[in-house]
Amino acid sequence: MKEQIYTIPVNEVYDTDCECPLCELEKKLEKETLDYALGAAMMEPEFRMESNEKGFCNHHYSMLFGMSNKLALSLVLDTHLEEIRKKLDTLKKSASALKNQKGGLFKKTGSADFSKALSEKLDGISDGCVVCDKINHTMERYADVLLYMWANDEKFKEKFNKSKGVCLKHMKLLVDTVPKSLKDSQAAQFLACLFEKQEAELSRIQEDIHKFTLKFDYRNKDMEWGTAQDAPIRTIDKISAFINNDYEEK
């Protein structure tokens, strides 16, 4: 059996009623990672080295800023900014040399080469995020465990079959993980099962979002909402994964 640290959360989340169990795991993982980043991680040299090097994406900077520990965030920003300046300093001589270069009809200044080097350096600075890396690594493990349990645990397979499927983002994660986790015969069965499940669930949710639009026609004012009242947020969640950590179905 795979490690229980992964099997237990996957098994438990499939006991909940939600549009995407993997989104629920990712929400929890994201919160735990952000809490760690401004908490226990402050005393972890390895994490500080990684956060100094990679920093965070805009989305996770926004979430970190919304947390209460501004001192911890400031310490992380201070050392990360120092690392950014070191990276840019590697181009300092090249930038200074441009001042003295004069282009002409048959002579280039080297600005194109410098522009490319600086752009690549800036891409390297902005592309990193220690929270995203942690989430992506762990979600890959969750996907691997989910497939293992589907193939080897009949009770879990029953839970999977009774679920509301997954969002399209995590559908792709499962599809990409299949070749690495399942034998060919098992892979074929799972992919067919997943595709059929997703078709049914996308049809269900479109019925809800369509009914939501109909409710705004005065002729349908007496029509019952049924399960359509929160259809917009659930439809977005289904298409692109969760967009609001604080969302609760009403």
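The sulfur of Cys167 is 3.7 Å from the closest cysteine sulfur, in Cys23, which is too far for a bond. A disulfide is called when two cysteine sulfur atoms lie within 2.5 Å. By this rule the count comes to 0 disulfides. Cys167 is buried at 1% relative accessibility. Cys23 is buried too, with a relative accessible area of 4%. Here buried means under 20% relative accessible area, exposed over 50%, and partly exposed in between, with a 1.4 Å probe and protein chains only.

The model is predicted: local features need pLDDT of at least 70, side-chain atom pairs count only at pLDDT 80 or more, and totals for chains, interfaces and linings use all residues. Residues are numbered from 1 along each chain as its sequence is written, and side-chain values use heavy atoms, with hydrogens and water left out.

**Confidence**

pLDDT is the predictor's confidence in each residue, from 0 to 100. The protein chain averages 91, and 93% of the residues score at least 70. Helices are DSSP runs of H or I with at least four residues, strands are runs of E with at least two, and both are numbered from the N terminus.

**Aromatic pairs**

Rings of Phe, Tyr and Trp (its six-membered ring) pair if their centres lie within 6.5 Å; planes under 30 degrees apart count as stacked, over 60 as edge-to-face and the rest as tilted. The count comes to 9 aromatic pairs. The table gives two of them.

| Pair | Centre to centre | Angle between planes | Class |
|---|---|---|---|
| Phe160 and Phe190 | 5.6 Å | 45° | tilted |
| Phe212 and Phe216 | 5.2 Å | 50° | tilted |

Phe160 in helix H9 (residues 154-162) and Phe190 in helix H11 (residues 184-214) link distant parts of the chain, 30 residues apart. Phe160 is buried at 2% relative accessibility. Phe190 is buried at 0%.

**Surface patch**

Leu168, Leu202 and Ile239 form a nonpolar patch on the surface, with about 230 Å² of accessible area together. Leu168 lies in helix H10. Leu168 is partly exposed, with a relative accessible area of 34%. Patch residues have over 30% relative accessible area and no salt bridge; like charges are joined within 9 Å, and nonpolar side chains (Val, Leu, Ile, Met, Phe, Trp, Tyr) within 5 Å. A salt bridge is a side-chain nitrogen of Lys or Arg within 4 Å of a carboxyl oxygen of Asp or Glu. Accessible areas come from the Shrake-Rupley method with a 1.4 Å probe; for residues, only the protein chains shown count as cover.
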